[in-house]
Structures are given as structure tokens and as C-alpha cells.
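Good morning, and thank you for the time. I would like to walk you through one structure, with attention to its aromatic residues and its nonpolar cores. Please look at the display as I speak.

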Amino acid sequence: MEDLLAAERRLQAAQRAGDVAALDQLLHTDVVAMGPDGSTFTKEDDLETHRSGALRIVSLVERSVDVQQDGTTGVTRTVADIEAVQDGIPAAVRFRYTRLWVWADGRWQVLAAAFGPADDDAADPADQRP
């Protein structure tokens, strides 16, 4: 079984590169993600933003990552600095991502995700645990 941290890093690399084929493999068919404004989107929504060029990630720098795994499920919590162009508008933000992963079809796949702005001093997602 592939290491979950390696899968998280492959996802980040695919996002950076706009690699739709790799993202297709890393996102579960039934994935639902929630963005900073509370809106939800599907796998096809995410793939289409990359495919169409509506979202282009210029830079994605991981500041920290925390991984928990229990058998065939796992969670990654990542803080990353992102520079991107979305719908022609450049932006730079620090995001905190939480992803639920499942082992399916012989690989790790994201089944659910949520992300939103992180404080400038956010560095270790593990520090945020209750």
C-alpha cells in the first residue's frame, strides 16, 4: 500500500502542474469538496477548472502536513502558500486543507475535502487538534 504522505504530495504536484490525468486518478469518483465560501464542488467541477485553464496554480509551497491513517482510510491536514490565477485574477493566499482519503482500486483517493484561509502564522496542522 502506497504511503499516504506520498499520495498527498502527488496531489500537490498534480495541482501545481495542472495535470488533469493525475488528478483524475487521485480524486475519488464521488469526491465532494467544500471551498472557503462554503460552496461545494465535485470531481468533474475540479477537473474542469484545470482542464479549461480557469484555475492555474503558479506556486504551491507546503508549509506543514499532518497525516493520520487507519487501515484503508486516512486524513491529511496541510497548510500551503498558494499563488494562483483564477478566472484571470491573480491571488496569493495561505490555505489550510483537510482531506479524507480512502484506499480504493489499488490507490489512495480523496473522498472529501475542505479548505479555507489559514492564519499567517499557521504552520503545523497538528497544533490545531483539540
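What you see is a predicted model.

With those cut-offs, let us take F115. Its relative accessibility is 21%, so F115 counts as partly exposed. F95, in contrast, has a relative accessibility of 14% and therefore counts as buried.

These two residues bring us to the aromatic pairs. Ring centres within 6.5 Å make a pair, and planes over 60 degrees apart make that pair edge-to-face. By this rule there are five aromatic pairs. One of them joins F95 and Y97: the ring centres lie 5.9 Å apart and the planes stand at 75°, so this pair is edge-to-face. F95 and Y97 are both buried. F95 also pairs with F115, again edge-to-face, with 5.1 Å from centre to centre and 80° between the planes. Where in the chain do the two partners F95 and F115 lie? F95 belongs to strand β5, residues 89-104, and F115 to strand β6, residues 107-117; they are 20 residues apart, and the pair thus links distant parts of the chain. Together with F41, the residues F95, Y97 and F115 make up one aromatic cluster.

I turn now to the nonpolar cores. The largest has 15 residues, and those touching the most other members are L11, L27, W101 and V110. Which elements give two or more residues to this core? They are α1 (4-17), α2 (20-26), β1 (27-34) and β6. The greatest contribution comes from α1, with four residues.

Setting aside neighbours within four places in sequence, V110 is in contact with L11, L26, L27, H28, V31, R99, L100 and W101. There is also a second, separate core of eight residues, and among its members are I57, A80, F95 and Y97.

Is T78 buried or exposed? Its relative accessibility is 1%, so T78 counts as buried. The T78 side chain makes a polar contact with the side chain of E8, at 3.2 Å.

Thank you for your attention.

Technical notes. Residues numbered from 1 in each chain as written. Predicted model: local features only at pLDDT ≥ 70, side-chain atom pairs only at ≥ 80, totals over all residues. Heavy atoms only, no water. Phe/Tyr/Trp six-rings, centres within 6.5 Å; stacked < 30°, edge-to-face > 60°. Buried < 20%, exposed > 50% of the residue type's maximum accessible area, 1.4 Å probe, protein only. Core = buried A, V, L, I, M, F, W, Y, C linked by side-chain atoms within 4.5 Å. Contact = heavy atoms within 4.5 Å. Polar contact = N/O pair within 3.5 Å; in protein donor to acceptor, adjacent residues only side chain to side chain.
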